[in-house]
Amino acid sequence: MTPPLRIGPIEISPPIVLAPMSGVTNRTLRALYKPFGFGLTVTEFVSSNALQYGGKRTMEMIDQHGVEKPVSTQLWGNDPQIMATAANLVRECGADIVDINFGCPAPKVTKTEGGSACLRDVDRCEAIMKAVVDAVDCPVTMKMRLGWTEADLVFVEVAKRAQAVGVQALTLHARTAKQFYKGSADWSKIAELKRAVDIPVIGNGDLADPYDAMQRMRESGVDGVMLGRATLGNPWLVSRLRALMADEEPAPVPGAPERLRFAVHHYLTMVEEWGEPRAVPQMRKHLGYYLKGFAGASALRERLMRTETAAETLAILKQTIAQLEAREPELAVA
């Protein structure tokens, strides 16, 4: 039995964390995916600068249903005082944990010295972490990469400074910022980090199989794992890993009809909560994830990318489910 992850007074069981993903981990997805076995869900990463202005879209990024708790809100920025003010705001809005983003490699974040660009200035990382810890009455955590480049791996130094100022857990995505998502995550570095600090460490990177995730946990000694892109269209990865953590045999991966039925449920929920004009374009990428891995899926995906209404999309999905269950050799892809 894998023990819970403890971050301050918060018990996270099972120790599986949903990674923050821009434009993806909104309140709807968090609520839909939580029952599969996430012990902790994380909001989209949100700009501390944007939070100063309280715009509707920005506030929606940190909004919660309540059913997905405990919830961590992840902030990015480069100014310690603005980050502290933002941390106080998201705590007031219901964040159970405030997470600091030193990991995002996206140019829109790094061009303003946010995200993984902060790793180029270890002193500023420390100042941001201290300011946020001092600003809130809840646990503060931090997610980072190994460093900006292979030539400057600062993750151990930043982690030790994090521990010294009161950060209560760390997540390491074991690539450099310049790698983006290329190559392989170096889990030996995650094991190195675990040996270097006394606070909990969460491992992240290339966890697409539940058995592999368990092996990575055991070998590295981490206290938990964070799953991101591999769960999109495949929340059953989480339930299968949860079973392994409970010393149970995971259920088989569901077939295409079951996956598409859940996609329909996701689609309908998005339309209900966000309205059709916003839900239809947002769900195109999600349908692409759900449609992976069965005959005819590529052509079907192309067709669904062109639909303009929920009714049209849902009709195609339901027809496809019926054909799959009837084991018809040709899907409705024309």
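This is a predicted model: local features need pLDDT of at least 70, side-chain atom pairs count only at pLDDT 80 or more; totals for chains, interfaces and linings use all residues.
Me: Why is helix α4 called roughly parallel to helix α6?

Reply: The axes of α4 (residues 80-92) and α6 (residues 122-135) cross at roughly 30° and come within 8 Å. Angles under 35 degrees count as roughly parallel, and therefore α4 is described as roughly parallel to α6. The crossing of the two helices is right-handed.

Me: Which residues make the contact of α4 with α6, and how do they divide by class?

Reply: From α4 come Pro 80, Met 83, Ala 84, Ala 87 and Asn 88, and from α6 come Ala 127, Ile 128, Ala 131, Val 132 and Ala 135. Nine of the residues in this contact are nonpolar, one is polar and none is charged.

Me: What makes α11 and α14 roughly antiparallel?

Reply: The axes of α11 (residues 256-274) and α14 (residues 310-325) cross at roughly 165° and come within 9 Å. An angle over 145 degrees counts as roughly antiparallel, and α11 and α14 are therefore placed in that class. Their crossing is left-handed. On the side of α11, the contact involves Ala 256, Pro 257, Leu 260, Arg 261, Val 264, Tyr 267, Leu 268 and Val 271. Among the residues that α14 contributes are Leu 314, Leu 317, Lys 318, Ile 321 and Glu 325. By class, this contact has 12 nonpolar, two polar and three charged residues.

Me: How do you know that α11 and α12 are also described as roughly antiparallel?

Reply: Helix α12 (residues 276-290) packs with α11 at an angle of about 160°, and the axes are 9 Å apart. The cut-off is again 145 degrees, and the angle lies over it, so α11 and α12 are roughly antiparallel to each other. The crossing of α11 and α12 is right-handed. Residues of α11 in this contact include Phe 262, His 266, Met 270 and Trp 274, and those of α12 include Gln 282, Met 283, His 286 and Tyr 290. The contact of α11 with α12 has 12 nonpolar, three polar and three charged residues.

Me: Why is Asn 26 called buried?

Reply: Asn 26 has a relative accessible area of 5%. Leaving aside neighbours within four places in sequence, Asn 26 is in contact with Glu 44, Met 270, Trp 274 and Gln 282. The C-alpha atoms of Asn 26 and Gln 64 are separated by 8.3 Å, although the two residues are 38 residues apart along the chain.

Me: What does the side chain of Asn 26 reach at 3.0 Å, and what makes this a polar contact?

Reply: The side chain of Asn 26 reaches the backbone nitrogen of Leu 29.

Me: Is Leu 29 buried or exposed, and how do you know?

Reply: Leu 29 has 1% relative accessibility, and it therefore counts as buried. Leu 29 lies in helix α1 (residues 27-33). Beyond its neighbours within four places in sequence, Leu 29 is in contact with Leu 18, Val 24, Leu 232, His 266 and His 286.

Me: What makes Ile 7 a buried residue?

Reply: The relative accessible area of Ile 7 is 1%, which means that Ile 7 is buried. Ile 7 lies in strand β1 (residues 5-7). Leaving aside neighbours within four places in sequence, the residues in contact with Ile 7 are Ile 12, Ile 97, Pro 139, Thr 141, Gln 168 and Ala 169.

Me: Why does Ser 220 count as buried, and where is its place?

Reply: Ser 220 has 9% relative accessibility, and it therefore counts as buried. Its place is in helix α9. A polar atom of the side chain of Ser 220 lies 2.7 Å from the backbone oxygen of Arg 216. Apart from neighbours within four places in sequence, Ser 220 is in contact with Trp 187, Ile 190, Ala 191 and Lys 194.

Me: Which residues of helix α8 are buried, and what do they pack against?

Reply: In α8 (residues 187-196), the buried residues are Trp 187, Lys 189, Ile 190, Ala 191 and Leu 193. They pack against the helices α7 (155-165) and α9 (210-220), and against the strands β8 (140-145), β9 (169-173), β10 (201-204) and β11 (224-227).

Definitions and conventions: Residues are numbered from 1 along each chain as its sequence is written. Side-chain values use heavy atoms; hydrogens and water are left out. Axes are lines fitted to C-alpha atoms, for helices over the stretch in contact, and angles run from 0 to 180 degrees between N-to-C directions. Helices (H or I, at least four residues) and strands (E, at least two) are DSSP runs, numbered from the N terminus. Angles under 35 degrees count as roughly parallel, over 145 as roughly antiparallel, 65 to 115 as roughly perpendicular and the rest as oblique. A crossing is left-handed if the near helix is turned anticlockwise from the far one by less than a right angle, and right-handed if clockwise. Contact means heavy atoms within 4.5 Å. Ala, Val, Leu, Ile, Met, Phe, Trp, Tyr, Cys and Pro count as nonpolar, Asp, Glu, Lys and Arg as charged, and the others, Gly among them, as polar. Buried means under 20% relative accessible area, exposed over 50%, partly exposed in between (1.4 Å probe, protein chains only). A polar contact is a pair of N or O atoms within 3.5 Å; within protein, one must be able to donate a hydrogen and the other to accept it, and residues adjacent in sequence count only if both atoms are side-chain atoms.
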